[in-house]
Amino acid sequence: MASTQSSEEHPEPAGVADPSPLIWLGGGLPPRFRWVSPALLQALGHPLEAWKSRGFVSQLVHPEDLHGLLEAWGAVSRTGVPRALELHGVSAEGRPVRLAVELNAVEPSPDGAGELIGTVRLLAPPLQPEAPEPTASSLDEMFREITRTQRMHEELIDAIDGIVWETDANFRFTFVSKQAERILGYPIPQWLEEPDFWLKHLHPEDRDWASAYCMKSARECRAHEFEYRMVAANGSSVWLRDIVTVVSEKGVPRQLRGIMVDVTAQRRAREDLEQSVSLLRATLESTADGVIVLQQDWYVTAINKRFQKLWSIPEALLDCRDGRVLSEHMRSQLENAEQVHERTQQLLASSEQEGVDVLRLRDGRVLERYSRPQRLGDTIIGRVWTYRDVTVERRAQAESERLLREAREAVRVRDDFLSIASHELKTPLTPLKLHLQVLKHRMASGQPVPAQHVDKALAQVARLSGLINDLLDTSRIQAGRLELRHEPVSLGALTQEVLADLRSVSPHRLLEYEEPAGPLLIQGDRGRLAQVLVNLLENALKYSPTGGTIRVRVERDGAQARVSVSDSGIGIPPDQKDHLFERFFRARNAPISGFGGLGLGLYICRDIVERHGGRIWVESEVGHGSTFHFTLPLLEDEASATPPETAPHPR
Ligand code: ADP
C-alpha cells in the first residue's frame, strides 16, 4: 500500500464512512497510544485498554503496512513534519478496514520518541453499512463529542511550545495558535488580518533571503526548515526555527503549514559559546607556552602554534590529531628521552596527578613541562601539557651559580692567603729579632760580633724581602704592570750562574747540571728568567726535605730551549698538578705548618715563562719526586742552526 507525504495531494476518497473526527494521542518507539477519542474507539470496536497496550499497532495494522507506519511515526516524531498514510487495518470483530491516518508531532524529539497527535478516517468500504438512522439523542451525543474532541485538539495545539500556523499560498495566515501572542506579542487577529504579516515582521536583515527561500520551497512543494529572526511587538528580535510543510494539489501549492519554535535562547547560548571558544582560542594562541590537550585515547583536542613551533611539527603530522604520532616526533628530539617517557607513562597512569618536569633537547634547549588533568565537572576527560622554553633562564641560573661559586672560592682563597701570608711574614721576624738582640747585646758589652749572627739575620731579611717581592710581583702581574726586558740571553750561562749562587748558600746539597751543547740563546729578561730558575730550584730543595740530588738539565728541543729541574722529594698529588700554577695555590702536600710559602712562586714563574712565549708544566709522582719543565723559543739564528750531534753531558 502506498503512503504519501501529503494527503491533500489525494482528492477526498469516495464513500467516507464516518465524518466525525477520530483522534488519537500517542508517542514513543515502538508506538503506543495514550489516548483515543471515544468516536475512534467506537468506530473500530477495540477497547481503550487494547489501544493502550504494547504492540497494539501490530494487531491493528496489516503486516504489509506496518513497516510504513513505523517509519512515518519515527520520522514525524523526529522532524515534526506531518505525514499522512493510508493503511489496511482490522476492526475488533476481525473485519478489514481501510484507514487514512494523519500524524503530527506535538513536539519533535531527535530520538524519535516524541509525542504525536493524529486523526483517523475510515475509508470505503463502510464499517457499519447497516448502522441505524441516527436519532435526535444520538446526534446530540455526537455533537457533544465533536465539541469535546475539538476543544481537546485546540488545547493540545495551544500547549505546544511553538506557534502552530497555517497560511494560504500567498503566505496570508489562516490560522495561528495562541502561543503566537506570547512569543511575538502581536494579537492573533493582527496575524490573520494583515495580508503580509509574516513578511512585514521579518527582521530587516533576514527579510530578503528568508522570504526568497520560503517562496522557492513553496513553489517546489518542498517541506523545509530554517531559522530567521522576526521583530516582536516590543521591538526585540526573536529567533524562530520554522518547520514548514507545503500542502499542494496537482503540483500547485495551496497551503503552508508549520510550527515556529522560539530558539532565541539557544541562538544566544550558541553565540556565547562561539564567542567563548574564540576567546579561548585567542588566549591559547597568545600564551608564550606551547600547549597541547589530549583526550584519554590520545586524540588531540587542542594545540597551539607555539607548541608546533617549539617541536618543529610539520602540518601533515598535525592533521592526523594523533597524540601518539606527535609524541614519537618529540621523542626523537629529546636528550633524556627514556626518562621523559617513563615520567609521561607515570603521569598518564595516575590521572589525578600534576607534574613539572625538565626536558633536555638534543639541540641544547631546555624545556619545562607542566602537566595537569583536564576536567569537565568532576570527570577527568583528558590532560593538558604545557611546554615552556627555559633555556635562557637556565643558562643565566647556571652562570650566576658559577659566579657565586667563584666568588665564594675567591673569598676562601683570600682568607687562606691572609692567614698564610701573616704566618709567612711573621716567621722570619722572630729569628731576625733574636739575632739582632744578640748583636746589640754583644756590641753593648764590647764583645766581638760573630759573623754567623749577622749572616743569619741577613738570611731572614732576604727571606722577608723574597716574600714581599713575590707579593709585589703578583700585584704587578694582576695589574698588567710586570715589565720585561728584551735582550739576548744564553740560557746555559744563566743557569750556571744561578747554580753557582745557590751552591754558595746551600753547600751541603747535591746539585747536578747537564748543560747544553751550545749557548742556547733566547730573547728575554735575564733577571726574570733567573727568578724562574731560582724559584724552581728553591722549591726542589724545599720539597725534598730528606735530601737527595737536584738535577738541572738545559737542552734544545726543536726550536725551543727546554729547562728541567728534578728532585726526589715529596711529589705532588695528581689531582693538584693542574692547579699548582694558580695564584695562592698550595698543594695538599705542603700544609701550612710543614713548608713555608705563599703559593705565589709558580704563579709568577708561569706568567714570566708565558710572556716569553714559552710553556711550563710538571711531571710528578707522590713520594718519588717531581720534575718541572719550561720551554722558551730560541732566537731565530739559534733555532735554524743545525743541532750538534753531541748529547748534553753532566757536570
Ligand atoms: P710555595 O710558596 O707554597 O712554595 P709555589 O707557587 O712555589 O708556592 O708552589 C705551589 C705549591 O706547589 C707548593 O705549595 C707545593 O705544594 C707545590 N710544589 C712546588 N714545587 C714542588 C716540588 N718541587 N715538589 C713538591 N711540591 C711542590
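**Cysteines and a run of paired strands**

In this predicted model, the disulfide count comes to zero.

Reader: How many disulfides does the count come to, given where the cysteine sulfurs lie?
Author: A disulfide needs two cysteine sulfur atoms within 2.5 Å. For cysteine 214, the closest cysteine sulfur belongs to cysteine 221 and is 12 Å away, so the gap is too far for a bond. Cysteine 221 has its closest cysteine sulfur in cysteine 214, again at 12 Å and too far for a bond. The count is therefore zero.

Reader: Is cysteine 214 buried or exposed?
Author: The cut-off for buried is under 20% relative accessible area. Cysteine 214 has 4% relative accessibility, so it counts as buried.

Reader: In which sense do β4 and β5 pair, and over how many bridges?
Author: β4 covers residues 83-90 and β5 covers residues 96-105. Within this pairing, glutamate 86 has alanine 100 of β5 as its bridge partner. The sense is antiparallel, and the number of bridges is eight.

Reader: Which residue in the turn between β4 and β5 has a positive phi?
Author: The two strands form a hairpin, with five residues between them. The positive phi, about 90 degrees, belongs to glycine 94.

Reader: Which residue in β6 is the bridge partner of arginine 98?
Author: β6 spans residues 115-123 and runs antiparallel to β5, with eight bridges joining the two. The β6 partner of arginine 98 is leucine 123.

Definitions and conventions:
Residues numbered from 1 in each chain as written. Predicted model: local features only at pLDDT ≥ 70, side-chain atom pairs only at ≥ 80, totals over all residues. Heavy atoms only, no water. Buried < 20%, exposed > 50% of the residue type's maximum accessible area, 1.4 Å probe, protein only. Pairing = 2+ DSSP bridges. Helix = DSSP H or I, 4+ residues; strand = E, 2+ residues; numbered from the N terminus.
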